[in-house]
Amino acid sequence: MALFHFGKKNEEEKKTVSGVCRCDCATGEEKSALSGSGFQAKADRNVCMKVLGAGCKSCHEQYENVKQAVKDMGFSIEVTYITDMKKIMEYGVMSMPALVVNEQVVAAGKVLKPNDVIALLRKSGF
């Protein structure tokens, strides 16, 4: 199998899907540096927000609601929409849409309105 580089491709995919996103959000050891009861915003940390979904109407609505909530709060946070089922399963999410903040699933299985997202973020220290 090594002749055709089958195993090598899987190793490369594992490296790129290791839980570290492009916005340098907290992962691994850095998660423990954040508050133990969920995630906390720090002024000097980037915040990574992801909406996990299958591409359906509800998932698109969740994505738009999260973007609107971020805008209403005055943050310049990039919200990523992930539809790749392999990546979604890495989060252990069984119900979609789901909201992930700093690599932690904070909501799953229902569409949150912008006010609900704002309340969730404020409750978590943003």
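This report describes the sheet, the nonpolar cores, the salt bridges and the cysteines of one protein model. The model is predicted.

**The sheet and the helix on it**

Four strands form an open sheet with mixed pairing, in the order S2-S1-S3-S4. Strand S2 (79-82) and S4 are the edge strands, and each of them pairs on one side only. From one strand to the next, the twist averages 25°. S3 and S4 run antiparallel and are joined by four bridges. Within this pairing, Leu-99 has Ala-107 in S4 as its bridge partner. Helix H3 packs on the sheet, where it touches S1, S2 and S3. The direction of H3 makes about 170° with that of S2.

**The nonpolar cores**

In soluble globular proteins, nonpolar side chains tend to be buried together. In this model the largest nonpolar core has 18 residues. Those with the most contacts inside this core are Met-49, Val-66, Val-79, Leu-99, Val-101, Val-117 and Leu-121. At least two residues of the core come from each of S1, H3, S3 and helix H5 (114-123). H3 supplies the largest share, five residues. A second, separate core has seven residues, among them Ile-82, Ile-88, Ala-98 and Val-100.

Leaving aside neighbours within four places in sequence, Leu-99 is in contact with residues including Met-49, Val-51, Val-66, Val-106, Val-117 and Leu-120. Gln-62 is also in contact with Leu-99. Gln-62 lies in helix H3 and is buried, at 1% relative accessibility. With neighbours within four places again left aside, the contacts of Gln-62 are Val-51, Pro-97, Leu-99, Lys-110, Val-111 and Leu-112.

**The salt bridges**

How many salt bridges does the count come to? The count comes to two.

| Lysine | Glutamate | Closest N and O atoms |
|---|---|---|
| Lys-50 | Glu-103 | 2.7 Å |
| Lys-67 | Glu-64 | 3.6 Å |

The salt bridge of Lys-50 and Glu-103 links distant parts of the chain, 53 residues apart. Lys-50 is in strand S1 (residues 49-52), while Glu-103 is in the loop between strand S3 (98-101) and strand S4 (104-108). Are these two residues buried or exposed? Lys-50 is buried, with a relative accessible area of 7%, and Glu-103 is buried as well, with 10%.

Glu-64 and Lys-67 are both in helix H3 (residues 57-73). They are separated by about one helical turn, because they are three residues apart in that helix. Glu-64 is partly exposed, with a relative accessible area of 42%. Lys-67 is partly exposed too, with a value of 34%.

**The cysteines**

The count of disulfides comes to zero. Cys-56 is in no disulfide, and its nearest cysteine sulfur, that of Cys-59, is 3.3 Å away. Cys-56 counts as partly exposed, at 36% relative accessibility. Cys-48, at 2% relative accessibility, counts as buried.

How values were computed:
Residues are numbered from 1 along each chain as its sequence is written. This is a predicted model: local features need pLDDT of at least 70, side-chain atom pairs count only at pLDDT 80 or more; totals for chains, interfaces and linings use all residues. Side-chain values use heavy atoms; hydrogens and water are left out. A salt bridge is a side-chain nitrogen of Lys or Arg within 4 Å of a carboxyl oxygen of Asp or Glu. Buried means under 20% relative accessible area, exposed over 50%, partly exposed in between (1.4 Å probe, protein chains only). A disulfide is a pair of cysteine sulfur atoms within 2.5 Å. A nonpolar core is a set of buried Ala, Val, Leu, Ile, Met, Phe, Trp, Tyr and Cys residues joined through side-chain atoms within 4.5 Å. Contact means heavy atoms within 4.5 Å. Two strands pair if DSSP finds at least two bridges between them. Axes are lines fitted to C-alpha atoms, for helices over the stretch in contact, and angles run from 0 to 180 degrees between N-to-C directions.
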